[in-house]
Amino acid sequence: MKLKGSYIAVVAAAAIVIAFPAFLGAYPLNVARSVMTYMALAISWDMLLRSGQISFGIAGLFGLGSYASALAVLRGGMNPFASVLFAAAFAALVAFALGFAILRLRAMYFSITTLALMEIFRIVMQNLHDFSGGPEGVVLPKIIFDGYSPALYWLCLGGLFLTIGVSWYFEKSKMHLALTAIRNDETSARSNGVNIFKYLLIAFVATSALQGMMGAIQVQSYGFTTPDTAFDANFLMLPMAMALLGGIHSTIGPMAGAVLLGIASEWLKLKIPYGHLVVYGVIIILVILFMPQGLFGLARKAMRNRRKAGANNE
Amino acid sequence: MSKLETVGLTKSFSGLVAVKDVSFHMDEGEILGIIGPNGAGKTTFIHLVSGILMPTSGSITFKGRDITYAPAHVRSRIGIARTYQLIHPLENLKVIENVMVGAVFSKDKSLKAARKSAEAICAELELDGLNRDTTQLSILEIKKMEIARALANEPEVLFLDEVMAGLNSDETKQVIATVQRIARERKMAVGVVEHVMGVIRELTERVIVLEAGELIAEGPYETVSKDPRVVEAYLGGAA
Ligand SMILES: Nc1ncnc2c1ncn2[C@@H]1O[C@H](COP(=O)(O)OP(=O)(O)OP(=O)(O)O)[C@@H](O)[C@H]1O
Ligand SMILES: [Mg+2]
């Protein structure tokens with residue numbers, strides 16, 4: 001009964017967001033695309049975090065996907081749609097190769113290495129003048145769907161839906177047991193048959209593919225990118241802040257955080273064009289210090305307390 | 001028939017030899033006591049056999065297969081399970097999920113099948129409230145959960161490293177007796193590390209004694225406990 005209710009709610013919510021272009025003009029659809037992109041990044045960051053690994057590399061894989069897609073179209077004459085899939089596969093392949101080296105690292109060593117990789121990707125793109133356009137970046141001959149904003153919106157929504165779907169699968173399948181066991185206690189995980197490296201690699205490759213895919217969708221929708229746009233620290237800080245604010249280790253938490261902060265960030269960008277990153281930094285710090293479970297964690301706790309109080313009254 | 005065998009197993013930690021030249025075997029379906037004073041190397045020995053630590057020298061074979069340097073998850077998949085002296089709950093998983101981990105990853109069961117077998121094992125150990133968080137469990141319940149998780153691996157050889165430390169000896173006996181019954185049904189060999197000699201005497205068929213990393217005696221408890229070396233090294237020291 002309860003399951004059926006939530007199933008209907010999910011379908012209804014999906015129908016509403018699919019129908020958005022019927023009510024919204026080009027500007028709000030643009031904002032929605034930006035929120036959805038950040039949301040997908042927040043969810044994918046969280047998916048790896050469920051194993052305890054904190055990646056600072058999401059902007060790197062996002063940027064890598066942007067460039068893979070743009071260059072495939074520009075230099076290889078690839079169809080723009082195909083280039084989105086190509087970018088996802090390329091990011092996955094890079095993650096797979098790097099994974100063998102960096103997934104042996106833990107905690108801060110893993111985080112710092114992923115941050116360094118992101119910087120390396122950016123510097124490479126900045127310096128491959130002939131191939132990548134150097135610091136000026138690349139301009140595509142045309143924007144996908146000729147820039148028709150409802151279509152761009154649906155493309156981005158498609159990327160988000162796929163991300164949510166994979167994250168949901170991570171929550172409901174044995175990936176959930178594997179990643180949580182690894183996060184809680186690697187010794188215990190190992191002696192109960194969990195191949196830690198295998199599951200970390202699956203999570204790292206899958207989330208990198210999603211991040212690369214979102215980067216590709218972004219570049220095809222704007223028609224240009226530069227090293228500074230593609231590897232913008234925004235694509236790291238904002239998704240992290242969103243996931244933390246909404247509640248980590250779940251799909252719904254990062255989604256809620258993305259809606260709240262995504263809308264707030266559009267406003268902040270206008271108010272303090274150069275200082276908004278600071279605000280995300282402050283949010284990250286405050287949430288970690290005072291609300292480590294995020295908004296959904298608080299809600300869950302409140303509900304449990306209420307239930308407990310109810311049980312005591314009976 | 002011998003299931004698990006070590007030859008000259010040795011582990012040194014930068015100078016300190018925690019396990020020294022231990023050759024031992026464990027047969028199908030037997031309950032083996034592993035005793036020795038504090039710091040004798042019992043836990044280190046189990047770490048070596050289960051793949052948590054890699055030996056400095058010597059070899060380990062399981063059902064004729066050399067597993068000396070096999071990773072821990074491979075050993076649990078082929079049939080060696082263990083519990084830990086210090087508890088290792090997975091605190092972000094429910095009790096039932098904690099137990100399911102063993103069945104899902106060691107036996108490649110579907111979540112549904114793993115849940116079913118986890119429930120059955122918990123019922124045998126009289127552990128209920130399976131949808132609780134592990135933080136809500138008593139110490140006895142956590143220990144039972146960890147035994148259940150090890151059993152969910154459906155091992156052929158199981159090590160219990162002072163599972164019952166901190167509990168009274170009645171609880172200890174009850175839990176180990178349950179494991180013993182399950183072991184008989186499944187023809188599983190069990191290695192029991194325990195400081196309470198009453199438990200060892202009543203429940204084990206054979207005992208090995210470690211002292212300062214060396215295997216100094218082996219045999220039924222009644223014989224071993226009269227061995228002068230054991231009396232001196234272990235019982236003498238304790239009394
Ligand atoms: N990781 C390690 N590094 C250095 N020394 C260690 C390490 N692990 C164990 N030791 C040492 O090895 C020796 C054997 O320890 P071990 O824990 O195996 O003994 P034990 O027989 O299980 O003792 P207890 O009955 O107290 O549990 C001890 O001297 C211990 O200090
Ligand atoms: Mg010990």
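Ground rules first. The model is predicted, with local features needing pLDDT of at least 70, side-chain atom pairs counting only at pLDDT 80 or more, and totals for chains, interfaces and linings using all residues. Residues are numbered from 1 along each chain as its sequence is written, chains are lettered from A and ligands numbered from 1 in the order in which they are written, and side-chain values use heavy atoms, without hydrogens or water.

Overall build. Chain B has 9 helices and 10 strands. These are DSSP runs numbered from the N terminus: helices are H or I with at least four residues, strands E with at least two. The radius of gyration is 17 Å, close to the 18 Å from the globule rule for 239 residues, so chain B is as compact as a globular protein of that length. That radius is taken over C-alpha atoms, and the rule is 2.2 Å times the number of residues to the power 0.38. The C-alpha atoms fill a box of roughly 50 × 40 × 35 Å along the principal axes. Buried residues make up 56% of the 239. Buried means under 20% relative accessible area, exposed over 50%, partly exposed in between, using a 1.4 Å probe and protein chains only.

Now the sheet. Six strands form an open sheet in chain B, ordered β6-β7-β8-β3-β9-β10, with mixed pairing. Pairing requires at least two DSSP bridges between two strands. The edges are β6 and β10 (214-219), each pairing on one side only. Inside chain B, β3 (31-35) runs parallel to β9 (206-211), joined by 4 bridges. One bridge puts G33(B) with V207(B).

Elsewhere, β1 (2-13) and β4 (57-62) of chain B pair antiparallel over 5 bridges. There, V7(B) stands opposite S59(B). β4(B) also pairs antiparallel with β5 (65-66) of chain B, over 2 bridges. That pair is a hairpin with 2 residues between the strands, and K63(B) in the turn has a positive phi of about 50 degrees.

Last, the metal. Which protein atoms are donors to the magnesium ion, ligand 2? They are OG1 of T43(B) and OE1 of Q85(B), 1.9 to 2.1 Å away. Donors are N, O and S atoms within 2.8 Å of the metal (3.2 Å for Na, K and Ca); water is not among the atoms, so sites may look incomplete. T43(B) sits in helix α1 (42-50), while Q85(B), 42 residues apart from it, sits in the loop between β6 (80-82) and α3 (95-106). T43(B) is partly exposed at 22% relative accessible area. Q85(B) is partly exposed too, at 30%.
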